[in-house]
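Here is a briefing for a reader who is new to this structure. Look over the sequence and the model, then read on by topic.

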Amino acid sequence: MTTTTTTMHNLTTITTNKPTVAFTTPPNYATRLSHLLTLKSFTPLWCPTITTEPTQQTLSSLALHLSPHSLSLLSAIAFPSRTAITAFSTAALSLTTPLLPPREDTFIIAALGKDVELIDSTFLLTFCGDDISWVNVLVPTIATPSGLVQLLGTGRGRKVLCPVPRVVGLEEPPVVPDFLRELEGAGWVPIRVDAYETRWLGPACGKGVVELSEGGLLDAMVFTSSGEVEGLLKSLREFGWDWEMVRRRWPHLVVAAHGPVTAAGAERLGVTVDVVSGRFDSFQGVVDAVEAKLRGLDSSCM
């Protein structure tokens with residue numbers, strides 16, 4: 001896989017006149033977050049620890065659930081991530097469209113925050129053709145899996161397809177199992193399908209942080225998922241480091257989490273979070289939160 005990083009500074013680049021903000025997002029989110037950090041006059045430092053992308057195996061598995069017969073048994077699809085929507089659209093490319101003919105009852109498609117941008121006219125045309133009157137697209141006010149469950153309401157035994165990641169090289173965070181349990185508790189029958197992989201990038205993925213310790217400045221670190229946190233910690237151990245060593249090296253480091261789900265996952269792994277974005281329907285919220293925190297610590301650096 002080729003990753004374009006032209007908008008991001010190299011891991012070994014050190015700029016002292018602007019705050020340096022490290023972030024650990026997968027490649028498919030990195031350019032967007034780096035751009036937002038740059039607009040705030042930060043020096044972005046990309047240190048990816050995981051990838052999130054569909055594979056041939058996951059796409060084949062997902063395609064089996066997109067046949068007209070399989071879809072006819074469903075009442076809803078709940079997308080807990082942007083990558084899940086991308087995987088769905090990719091799997092649909094090999095199938096006859098529209099995927100599902102018109103029906104009398106309403107079909108629900110639910111997504112989080114700005115992810116709903118991907119459920120556009122092209123997506124809907126592929127899914128249901130020209131007649132979208134029987135499809136209801138829902139976006140919860142609170143962009144969390146729990147928010148999805150609350151918005152879906154009482155299931156009454158109906159089936160909901162849940163395209164979620166298969167985790168490779170890391171422990172599966174409790175986010176997806178909790179999501180499925182909440183759906184069951186609300187009376188839904190969740191149909192789990194591994195639509196893409198969340199994969200650890202390996203022992204060397206934390207090398208940039210370790211090398212920066214030799215004299216580089218680090219003002220903040222942004223995590224957008226608990227998988228990123230575990231991936232970094234696992235790599236740091238390969239270098240004989242732990243999180244306490246990171247804190248000792250940069251005692252004023254601001255650790256920011258993209259929303260409460262990520263924050264809870266980080267805390268569970270022993271990483272204390274200083275800032276949790278109140279707006280987590282997009283990365284703008286966590287970038288604004290980092291800016292506010294750093295301005296409070298040292299207004300001269302802004």
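How many cavities of 30 Å³ or more does a search of the whole structure find? The search finds 1. This is a predicted model: local features need pLDDT of at least 70, side-chain atom pairs count only at pLDDT 80 or more, and totals for chains, interfaces and linings use all residues. Residues are numbered from 1 along each chain as its sequence is written, and side-chain values use heavy atoms, with hydrogens and water left out.

**The largest cavity**

- The largest cavity holds about 920 Å³ of space. A cavity is a set of points, on a 1 Å grid over the protein atoms alone, where a 1.4 Å probe fits but cannot get out. Grid points are joined across faces, edges and corners, and a volume is the space filled by probe spheres set on the points.
- The lining has 42 residues, and the closest to the centre are Pro80, Ser81, Thr224, Ser225 and Thr262. Lining residues have an atom within 4 Å of a point.
- Several elements each supply at least two lining residues, among them helix 1, strand 3 (50-53), helix 4, strand 7 and strand 8. Helices (H or I, at least four residues) and strands (E, at least two) are DSSP runs, numbered from the N terminus.
- Helix 9 gives the largest share of this lining, 4 residues.
- By class, the lining of the largest cavity has 19 nonpolar, 14 polar and 9 charged residues. Ala, Val, Leu, Ile, Met, Phe, Trp, Tyr, Cys and Pro count as nonpolar, Asp, Glu, Lys and Arg as charged, and the others, Gly among them, as polar.

**The second largest pocket**

- The second largest pocket holds about 190 Å³ of space. A pocket is an open set of points with protein on both sides within 12 Å along at least five of seven lines.
- Of its 15 lining residues, Pro174, Val175, Asp178, Val261 and Ala264 are the closest to the centre.
- Helix 6 (145-152), helix 7 and helix 11 each give two or more residues to this lining. Helix 11 gives the most, with 5 residues.
- The lining of the second largest pocket divides into 8 nonpolar, 4 polar and 3 charged residues.

- Helix 4 (residues 82-92) has 8 of its 11 residues buried, so it is largely enclosed by the rest of the structure. Buried means under 20% relative accessible area, exposed over 50%, and partly exposed in between (1.4 Å probe, protein chains only).
- The buried residues of helix 4 include Arg82, Ile85 and Phe88.
- Serine 81 caps the N-terminal end of helix 4, with a side-chain oxygen 3.1 Å from the backbone nitrogen of alanine 84.
- Serine 34 lies in helix 1 (residues 27-39). Serine 34 is buried, at 0% relative accessible area.
- Serine 34 and alanine 22 are 12 residues apart in sequence, and 9.5 Å apart in space, C-alpha to C-alpha.

- Five strands form an open sheet with parallel pairing, in the order 2-1-9-10-11. Two strands pair if DSSP finds at least two bridges between them.
- Strand 2 (43-46) and strand 11 (275-276) are the edge strands, and each pairs on one side only.
- Strand 1 (residues 20-23) and strand 9 (residues 220-223) pair in the parallel sense over 3 bridges. Phenylalanine 23 stands opposite valine 222 in strand 9.

**Salt bridges**

- The whole structure has 15 salt bridges. A salt bridge is a side-chain nitrogen of Lys or Arg within 4 Å of a carboxyl oxygen of Asp or Glu.
- Arginine 166 and glutamate 197 form one of them, at 2.9 Å, N to O. Arginine 166 lies in strand 7 (residues 159-168) and glutamate 197 in strand 8 (residues 189-200), so the pair ties together parts that are 31 residues apart in sequence.
- Arginine 166 is partly exposed, at 23% relative accessibility, whereas glutamate 197 is buried, at 8%.
- Glutamate 197 also meets arginine 199 in a salt bridge, at 2.8 Å, N to O. Arginine 199 is partly exposed, at 37%.
- Arginine 295 and glutamate 291 meet in a salt bridge at 3.1 Å, N to O. Both lie in helix 12 (residues 284-297), 4 residues apart, about one turn of the helix.
- Salt bridges that share partners join Lys40, Arg279, Asp288, Glu291 and Arg295 into one network.

Key
A polar contact is a pair of N or O atoms within 3.5 Å; within protein, one must be able to donate a hydrogen and the other to accept it, and residues adjacent in sequence count only if both atoms are side-chain atoms.
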